Amino acid sequence: CIIAIGGDGFMLHTIRQNWQNRVPFLGINGGTLGFLLNNTSFETLVEKLKNAGTLKTYMQPLLHVQSNLDDGTSVSNLAFNDAWIEKSNMQTGWMRLSVDGEVKFERIMGDGILVSTAAGSTGYAWAMGATPIIIGTPMLMLAGSNICSHRWNFAPLPMNAKVFIEVLD
């Protein structure tokens with residue numbers, strides 16, 4: 001087990017650096033506020049672990065994120081809880097949304113679109129109005145940020161869904 005003592009950012013950094021080891025991660029909140037980590041003190045957590053006997057672990061998926069840039073280059077990375085695209089200026093963004101090769105929305109007008117795992121569904125996706133996913137549920141959540149062009153703000157997706165978001169402006 002890898003124990004990360006710090007905040008959400010440190011936990012995500014630790015996962016990114018060590019996910020290939022395929023061992024459980026335990027995050028202990030050493031900060032002030034976190035979505036991923038509990039608000040229990042280290043001493044209280046140690047006491048709870050002693051009384052728990054065994055820990056139940058969950059294998060959480062990683063999102064493979066690929067960005068295709070205007071100059072023809074491509075950038076890939078892994079994301080633990082969510083990945084999103086958002087507008088980069090003061091104007092509303094225009095995007096096309098496809099899931100598994102099928103265009104779902106030809107033109108979405110809004111601030112951004114997010115794909116989250118169950119671990120990420122309690123953070124930004126929840127703040128965007130999406131329903132949190134119970135840890136261990138094999139699904140993803142698709143959420144829109146301030147979507148103006150459609151009466152849509154979130155949708156559950158199968159775990160193996162391929163989401164393609166194209167920037168139109």
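The legends below describe close-up views of a predicted model.

Local features are given where pLDDT is at least 70, and side-chain atom pairs count only at pLDDT 80 or more, while totals for chains, interfaces and linings use all residues. Residues are numbered from 1 along each chain as its sequence is written, and side-chain values use heavy atoms, with hydrogens and water left out.

**View 1. The largest nonpolar core.** A nonpolar core is a set of buried Ala, Val, Leu, Ile, Met, Phe, Trp, Tyr and Cys residues joined through side-chain atoms within 4.5 Å. Buried means under 20% relative accessible area, exposed means over 50%, and partly exposed lies in between (1.4 Å probe, protein chains only). The largest core has 16 residues, and the members that touch the most other members are Leu63, Leu97, Ile108, Ile113, Leu142, Trp152 and Leu157. At least two residues of this core come from each of β6, β7, β8 (112-116) and β9. The biggest share, three residues, is from β6. Strands (E, at least two residues) and helices (H or I, at least four) are DSSP runs, numbered from the N terminus. In soluble globular proteins, nonpolar side chains tend to be buried together.

View 2. Contact means heavy atoms within 4.5 Å. Leaving aside residues up to four places away in sequence, Leu63 touches Asn77, Leu78, Ala79, Asn81, Asp82, Ala83, Val115, Thr117 and Leu140. There is also a second, separate core of seven residues, among them Ala118, Ala125, Ile133 and Met141.

**View 3. Two aromatic pairs.** Rings of Phe, Tyr and Trp (its six-membered ring) pair if their centres lie within 6.5 Å; planes under 30 degrees apart count as stacked, over 60 as edge-to-face and the rest as tilted. The structure holds two such pairs. Trp84 and Tyr124 make an edge-to-face pair, with 5.4 Å centre to centre and 70° between the planes. This pair links distant parts of the chain, as Trp84 is in strand β5 (residues 82-86) and Tyr124 is in helix α3 (residues 124-127), 40 residues apart. Trp84 is partly exposed at 43% relative accessibility, and Tyr124 is partly exposed at 48%. Phe105 and Trp152 make a tilted pair, with 5.5 Å centre to centre and 45° between the planes. Phe105 lies in strand β7 (residues 102-110) and Trp152 in the loop between β9 and β10, so this pair ties together parts that are 47 residues apart in sequence. Both Phe105 and Trp152 are buried.

**View 4. Salt bridges around Arg96.** A salt bridge is a side-chain nitrogen of Lys or Arg within 4 Å of a carboxyl oxygen of Asp or Glu. By this rule the structure has three salt bridges. In one of them, the side chains of Glu106 and Arg96 meet at 2.7 Å, N to O. Glu106 is in strand β7 and Arg96 in strand β6, so the bridge ties together parts that are ten residues apart in sequence. Glu106 is partly exposed, at 44% relative accessibility. Arg96 also meets Glu166 in a salt bridge, at 2.6 Å, N to O. That bridge links distant parts of the chain, with Arg96 in strand β6 and Glu166 in strand β11 (residues 163-167), 70 residues apart. Glu166 is partly exposed, at 30% relative accessibility. Another salt bridge joins the side chains of Glu102 and Lys104 (3.5 Å, N to O). Glu102 is partly exposed at 48%, and Lys104 is partly exposed at 42%. Through shared partners, salt bridges join Arg96, Glu106 and Glu166 into one network.

**View 5. Ser98 in strand β6.** Ser98 is found in strand β6 (residues 93-99) and is buried, at 8% relative accessibility. Its contacts, not counting residues up to four places away in sequence, are Val103, Lys104, Lys162, Val163 and Phe164.

**View 6. Two loop residues with positive phi.** Arg22 is not a glycine, yet its phi is positive, near 55°. Arg22 lies in the loop between α1 (8-18) and β2 (25-29) and is exposed, with a relative accessible area of 59%. Asn146, also not a glycine, has a positive phi of about 50°. Asn146 is placed in the loop between β9 (139-145) and β10 (154-158) and is exposed, at 51% relative accessibility.

View 7. With a disulfide taken as a pair of cysteine sulfur atoms within 2.5 Å, the count is zero. Cys1 is exposed at 62% relative accessible area, and Cys148 is exposed at 53%.
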